[in-house]
Amino acid sequence: MRYSGFKVIKEALTGHKGWAPAWRDPEPQPHYDIIIIGGGGHGLATAHYLAKVYGEKKVAVIEKGWIGGGNVGRNTTIIRSNYLLDGNEPFYEFSLKLWEGLEQDLNYNAMVSQRGIMNLIHSDAQRDAFIRRGNAMMLNGADAEYLDLDQIKKEYPFLNFNDARFPIKGGLAQRRGGTVRHDAVAWGYARSADSRGVDIIQNCEVTGFKIKNGKCLGVETSKGFIGANRVGCAVAGSSGRLMSKAGMRLPIESHVLQAFVSEGLKPVLPGVITFGAGHFYVSQSDKGGLVFGGDLDGYNSYAQRGNLPVVEDVCEGGMAIMPMIGRARLLRMWGGIMDMSMDGSPIIDRTHIDGLYFNGGWCYGGFKATPASGYAFAHLLARDAPHPTATAYRFNRFETGHMIDEKGMGNQPNLH
Amino acid sequence: MTQPNRLAGGQINRDAPLNFHFDGKAYQGYQGDTLASALLANNVRLMGRSFKYHRPRGPLTAGSEEPNAMVELRGGARQEPSTRATTAELYHGLMAKSQNRWPSLAFDAMAINDRFSTFLTAGFYYKTFMWPAAFWEKIYEPIIRKAAGLGSLSMKADPDVYDKGFRHCDLLVIGAGPAGLSAALTAGRSGAQVILADEDFAMGGRLNSETLSINDAHADAWVAHSIAELFAMNNVRLMPRTTVIGAFDHGIYGAVERVSDHVHIPDEGKPRQILWRIYAPKTLLCAGATERPIAFDNNDRPGIMLASALRSYANRWAATPAHRIAVFTNNDDGHRTAIDLHAKGVKIAAVVDTRLDAPFSDQYEVLKGAQVIDSKGRLGLTFAELRLADGSERTLECGALGVSGGWNPNVHLTCHQRGRPTWNDDLAAFVPGGTLPPGMSVAGAAVGLFSTHDALQSGAAEAKKALGIKGRAAPVPKAEDAPVTQTPFWYVEGCSRAWLDQQNDVTVKDVKLSHQEGFRSVEHLKRYTTLGMATDQGKTSNMGGLAIMAELAGKAIPEVGTTIFRPPYTPTAIGAFGGRMRGMEFHPTRLTPSHFWAKERGAVFVEVGNWLRAQWFPIAGETHWRESVDREVKATRASVGVCDCTTLGKIDVQGTDAAAFLNKVYCNGFAKLAVGKTRYGLMLREDGIAMDDGTAARLEEDHFVVTTTTANAAKVYQHMEFVRQCLFPDMDVQLISTTEGWAQYAVAGPNSRKLLQKIVDADHDISNEAFPFMACANITVCGGLRARLFRISFSGELAFEIAVPSRYGDALMRKLMSEGEEFDVTPYGTEALGVMRIEKGHAAGNELNGTTTALNLGMGRMVSKAKDSIGSKLSERPGLNEEDALMQVGIKPLDASQKVTAGGHLMKATGPVDAAHDQGYVTSAAFSPELDSMIGLGFLKDGGNRKGERMRLVSPVTNLTVEVEIVSAHFVDPEGERVRA
Amino acid sequence: MIINHPILGPRDSAEFTYLGDAAMIDRPDPDTASPQDWHDYAYLRDNPAGTHRELWWHEGGDRSWLVITRNTLTHEISKVEIARDVARKMGRSK
């Protein structure tokens, strides 16, 4: 069923009787060509591109709970491609381009809103680093813009230019960055994949892998064994838990990242703003809520909730840079499980087990990567070779010393 | 002023009338009123508009669960969007405005949305606004955004102060209704430290809103007596106006006390609110219950409210929304509303009870087995349409309708650590269950014990249990103990729209559509329809939505599950979480020992982490910072300059294994360093990347002083303690950070020795022979003041760093200045420091950026193969040792007038300019007075072999392309003669 | 969170800095370890959903490193040890 304005009007006038489920609710078949474990953004996107771009016919997505229930359903919805390093920037720029055409590709309005993202600069060293980054972005074909203090004042008059402990000295903007309605991304990919024959199987937990002679033959699940030629894992924060069932240890730790939303407010913020001298970034959703976040709590956690010190730390940052939000009320806080990798960059690669593929280590940046991650993982699963934009995302980079460490923090995941 | 809907009695102070304004119109209420009760007393039912359809809205509740009656409170910079009129305490001069309407609340042009509601169903926006592609951001989204949100911010900095505090207790009691008061009395009498917190300004909970008796008297008396007794106990702290917002790990509770929200402007020195972190090994949740509505067509008109809210307004606030009211209930509790309001002289049009066996009343008409099926009234209820037991329909005139669908225990805090509530069939409600936060127990209505007796009894019993209080319990006060059963009745089948979430305009139809479209998990329902995502977080709406989902799926409600309750319990000002950490107080400011002296000299300061450092020292006539910096550099290189370098991290390393320890943490060797010598050290992370650099001075056989960069002082110290305690626990070595203990100044320039000789005590020979380059010693200065002297140079000049205990730092600086007059001594700041280190090619923070290796820094050979050190093994990986690895180089523009930009990238002289052809980047840049040109340091592929190559430095983001030459990074004195002079 | 420091008693976790898996104490023997051993030590983690032994540094306190046994699903802390003692028990010395 195609969605359109005409369809909406027609259904409205006929009592909305004609809307069909956005996706089917199939029972698993005994065998698939490709199984994706994880019905989050990345898994569903992988299924969409496998079906649409790579022509794969027998694909299933297996989800432990409900689709879109992981980090794609609990993030701060930011998209951007403002990366520094060669291993990353082309990939994220590819992702941003996919975002730009997403709605037409999916026939689903995920409300891609390129409202821009602004990273504030507070020191000379930070300016040097951001200029280097802006140049890297532009040399990779992305957009970047350096703003001086006067331009910042003009565009963001509500920031603290008055008594800031760390005065604003400039900013690096990416105008094509912005936000997307996060749940709709999962639903749009799911609907599109489903319409192309992908089985999306919810409430089906993978309990183990069937591995024989170094080859993965399928997965054991709460709905029984499901055979597959190739199995791709895209379970983000649950990566450690899942891959341990295949006997693997990963260069990944699971951490809690909290995020926050305020009550709905009339328009306040033009785009995404990140505070360069504290842990705070913020945007405003189409519904009017200020969506904001900051740093990891810092300890390994699968609890999907955090603690007060970080809540306070984030709000302190907000009040320092944007003291007008003091009387806005924080409505809801939540915590997601971040698959923090050892260099802050992801992995999209084969494993040492034949037929078993892995996609993870997205840290707190997985949402913006959703389209490219799905595309690159689909490419890997279909062609058994890395997508050209994802050649650096290999397991062995830690062995060879080719880390992709944007922040320069080394092998301590909670610092990335 | 008249208050036409004011009744007799109530807990308001009629001797204290308060004047206030709503939407510009003047009204009067009384002390003890909320804004909502005062408006109702003034016959104002219409207080807001809904989010999507802009339907007229009045209060649904009388508490913090309110979805409808939201106003913009106060004005100016204190404007407070979406404040619940139902909890806002009235104060003299209160100003409030309605929200989300234009041009006025009574006539809202956006209400046209309501006419098109059939097009604006759940999730309609996901299906349209896609063509043409560009129109989403240009046309549709701006319209949607403008319509979004309810209230608005002032866009001005919040002028009020917020505080934070910490409190400890043995038992935290949350909620001061009958259960909470009973618990606090029991716990308090046992001598335990008790905190009793309640979100309301009056303690007593539901007892304030009911006409119940305790010990054969009006419950008010028992409440007052209990509060007085608790107040008299030194071990009990009463915290009214305090909402416990979250249950965090290990018995830590967040609570927000609204200190000044009930006054016009906070009193002098008082915060607006305080965020308390309460440490409570035991917590008793007595949060009560929230009444749930029954959905029916057009059940959202002002005047339709929860039956219990009608009762609250009448009993506690002596206010009624109308003088003729009806009740729609499926349980006995709804009848209380009729009884109480009847007693207050309000005309009861009828009680519509869904049950055929509803209780009889001789005071008002009871319509058994009847339902409300629709309502009328443009801006407020005028008629209710009923369907009677026999199927006939009847129109009932009424200005208010109290709706009661039973009660839901307030389980929220029990779920903050992801415990799920369990379903209780007798109550048809979720009750606390599963895993509660450790240390928490629940009493009273919050656990589903709805009678007053049960609340009093369970509060006392749970407090005893939590604290392990021995002995017999005091007798429970006498109170009603009516059995409570609730049968589910969620909505009346209709053909129009029946609201579940009144703020977000989610109707029964939306839930059905969501199910039809496959959004069948609770989370999908919530996200697709936005049910329960409004400012009340679904406190009155989630249950109804869940019940309808269960019905559609043919499942029991508990099988459908619940969404997750997350903090905060009620929306909380962001300012309260920020506390005082804003403005200049955002982070602590660390001042150097010479700060006040520098300030006197008119220094310009710069933030370096939390430090404030002198950036340069302008003198009369200088108009541009470069003039000052160039002068400082020249003066230092010509004679002598002094710079405060106290901010460098200093770590004292002592013990017989001190040298062996440094051998582990530095990649180069320290075991053979002679006493009285200093050595440059490069520290790697275990992954082989450079972490930090500095010097280690061996003052004695078993005593080193290590310096770190300013930025990495804390990190390096942590790392060294990790190595010491976790990796080599038996090494005889102790570490202590002495960064703040010693004031340290660089004294640099050809006359630096002469200057120091004037203050170093005569028995210390600092001549070049006795104290050569890289020497160090404990000395005395100025006649016996202990000091440390290091002959090290960051500037490339003959230079020393001298350290004295911090308290002498100011005096030493003044002494250096006065003794240095004859050499024209010049203080220099961080800018000149930076210029000189770039001229000398010394790496600093921009080069030690966490991705560079010893090899990149031109120090590859320093990584000793003869010993094990942190990072040495992993630094051998091929990726860190590639043929064309980045190497530190110097960069000079061909045309000395051209700019060199840090952050620029290096491209070959000809060929494409893009990422694929990137050759490296510039890390640091400065104007060199010595070379009369800008210069830079950078990393270049195979840079060691490319000296003399002409390249392009490109910085598209600052619109710059400059032709440069690759040169040695040692621009000044490459042979190092000056430092050894 | 509250960390019950073996010497100082219960302290707020905000006083501490987190490092990671306590397996980092088990640094490979530089004389015998293979490159693979070093890789595994530096980069691979068990990352369990459940009991986790981990290193915390009492930065705002006595500057001791602690090994804390904590459940990553519930955040419950079941044991707090001085890391130096743990390291010695694991055979580390000089």
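This is a predicted model: local features need pLDDT of at least 70, side-chain atom pairs count only at pLDDT 80 or more; totals for chains, interfaces and linings use all residues.

Guide: Start with contact: two residues touch if their C-beta atoms, placed from the backbone, lie within 7 Å. Axes are lines fitted to C-alpha atoms, for helices over the stretch in contact, and angles run from 0 to 180 degrees between N-to-C directions. Helices (H or I, at least four residues) and strands (E, at least two) are DSSP runs, numbered from the N terminus.
Residues are numbered from 1 along each chain as its sequence is written, while chains are lettered from A and ligands numbered from 1 in the order in which they are written.

Visitor: What makes strand 50 and strand 51 of chain B a pair?
Guide: Two strands pair if DSSP finds at least two bridges between them. Here 8 bridges join strand 50 (residues 920-928) of chain B to strand 51 (residues 933-941) of chain B, and the two run antiparallel. In one bridge, Tyr921(B) partners Phe939(B) of strand 51 of chain B.

Visitor: Why are helix 15 and helix 20 of chain B called oblique?
Guide: Angles under 35 degrees count as roughly parallel, over 145 as roughly antiparallel, 65 to 115 as roughly perpendicular and the rest as oblique. The axes of helix 15 (residues 625-638) and helix 20 (residues 830-840) of chain B cross at roughly 60 degrees and come within 9 Å. The two helices are therefore oblique to each other.

Visitor: Which residues meet there, in helix 15 and helix 20 of chain B?
Guide: Val629(B), Glu632(B), Val633(B) and Thr636(B) of helix 15 meet Glu831(B), Ala832(B), Val835(B) and Met836(B) of helix 20.

Visitor: How many residues does the contact take from chain A and from chain B?
Guide: Chain A gives 86 residues and chain B gives 92. On the side of chain A that touches chain B, helix 5 of chain A gives the most, with 10 residues.

Visitor: How do you know that strand 16 of chain A and strand 33 of chain B pair?
Guide: Strand 16 of chain A and strand 33 (residues 572-573) of chain B share 2 bridges, in the antiparallel sense. Leu330(A) stands opposite Thr572(B).
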